[in-house]
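Here's a quick briefing to read alongside the picture.

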Amino acid sequence: MRIRRLEEKEAEQVESNKQLKLKIDQLQKHLEEKDNLITQANQTAACLKDEQRDLKQQLQTQQCKVNTLNLDKDSLQDQLDHLRKKFQEASQRLQNVQASETSNEEGLLKIRELERRLAMQEQDSLIVRNMKGEVARVPELERELKRLREDNAYLR
């Protein structure tokens, strides 16, 4: 009976060993799968780190470009402000020139009018001088007329 029990126990242990071996095999397979997954994860992590490094580099490059573009934008804004200021000054000068031209045209019209009046006054002055000459001769002509009347009266 003891032998039988021992044989049964041995059979149980053999069965238990088989099951344990199966479990160990399964665990080893599972462990190998996990190792493979870890290896793949490590490779993926390495790839992601490389990609992250590349992306950081690209980000820095883009930030440099953005900074450069911002500086260019500021420079162009300053130039635009300067050009606007110049445009306003030019517009003001143009308005001043146009106002001066209008004033000049008005002045030219006044000058022409004054020249016309002056020419008329010169003509009137000539007429007045001629008239003065004739008026100056009036007393002489009156004397001559009086003398001629006296001569006519004497001759009659």
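What follows goes from the whole chain down to a single residue.

This is a predicted model, where local features need pLDDT of at least 70, side-chain atom pairs count only at pLDDT 80 or more, and totals for chains, interfaces and linings use all residues. Residues are numbered from 1 along each chain as its sequence is written, and side-chain values use heavy atoms, with hydrogens and water left out.

**Overall shape**
- The chain has 1 helix and 0 strands (DSSP runs: H or I of at least four residues for helices, E of at least two for strands, numbered from the N terminus).
- Its radius of gyration (taken over C-alpha atoms) is 64 Å, well over the 15 Å from the globule rule for 156 residues (2.2 Å times the number of residues to the power 0.38), so the chain is more spread out than a compact globule.
- Along the principal axes, the C-alpha atoms fill a box of roughly 215 × 20 × 15 Å.

**Helix 1**

**Surface and one residue**
- Of the chain's 156 residues, 0% count as buried (under 20% relative accessible area; exposed is over 50%, partly exposed in between, with a 1.4 Å probe and protein chains only).
- L148 sits in helix 1 and counts as partly exposed, because its relative accessibility is 41%.
- L148 and R4 are 144 residues apart in sequence and 203 Å apart in space, C-alpha to C-alpha.
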